[in-house]
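Please look through the structure below with its surface and its aromatic side chains in mind. The paragraphs that follow take these topics in turn.

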Amino acid sequence: METNRQKKMGALLQEELVDILQGEVRKNGISNLIISVSKVVVTTDLSIAKVYLSIFPTEKSAELLKAIQSNAPLVKHDLAQRVKNQLRKVPSLMFYIDDSLDYIEQIDNALKGDENPIENRELLMRRKKK
């Protein structure tokens with residue numbers, strides 16, 4: 001369970017990371033790309049922050065994640081400059097793709113399409129994890 005301090009720190013980092021990442025997209029003149037920070041989870045010792053990114057279009061997400069991970073020290077430096085008055089030490093940043101929206105879309109498509117397990121009970125046996 002997250003403490004109050006972890007939640008506050010995560011919210012602060014999330015807000016600043018959104019500004020940094022979207023600012024880089026605008027600065028480089030990249031169009032048709034949206035990067036949003038869906039969640040930031042800070043460890044209990046406040047040394048690592050797991051940053052979950054939603055990238056649209058999703059086809060470019062793996063390529064962009066690698067680029068962001070390779071530039072993580074620069075992102076951390078920019079972040080440190082922005083939050084130097086609120087935080088004594090900026091945690092290490094670990095970036096991940098948040099694919100929960102894709103998962104929800106797959107569920108919606110399955111329920112709308114031919115593979116609706118509610119209407120066709122035989123599909124439940126096929127879907128069970130082994």
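Rings of Phe, Tyr and Trp (for Trp, its six-membered ring) are paired if their centres lie within 6.5 Å, and planes under 30 degrees apart count as stacked, over 60 as edge-to-face and the rest as tilted. The model is predicted, so that local features need pLDDT of at least 70 and side-chain atom pairs count only at pLDDT 80 or more, while totals for chains, interfaces and linings use all residues. Residues are numbered from 1 along each chain as its sequence is written, and side-chain values use heavy atoms, with hydrogens and water left out.

A search of the whole structure finds 1 aromatic pair. Its members are Y52 and Y96, which are stacked, at 5.5 Å centre to centre and with 25° between the planes. Because Y52 lies in strand 2 and Y96 in strand 3 (residues 92-97), the pair ties together parts that are 44 residues apart in sequence; strands here are DSSP runs (E, at least two residues) and helices likewise (H or I, at least four), numbered from the N terminus. Y52 is partly exposed at 25% relative accessibility, and Y96 is partly exposed at 31%, where partly exposed falls between buried (under 20% relative accessible area) and exposed (over 50%), with a 1.4 Å probe and protein chains only.

Strand 2 (residues 48-56) also holds F56, which is partly exposed at 33% relative accessibility. Together with I34, L101 and I104, F56 makes a nonpolar surface patch of about 360 Å²; patches are made of residues with over 30% relative accessible area and no salt bridge, with nonpolar side chains (Val, Leu, Ile, Met, Phe, Trp, Tyr) joined within 5 Å and like charges within 9 Å. A salt bridge is a side-chain nitrogen of Lys or Arg within 4 Å of a carboxyl oxygen of Asp or Glu.

Technical notes. Areas by Shrake-Rupley, 256 points an atom, 1.4 Å probe, with all protein chains shown as cover.
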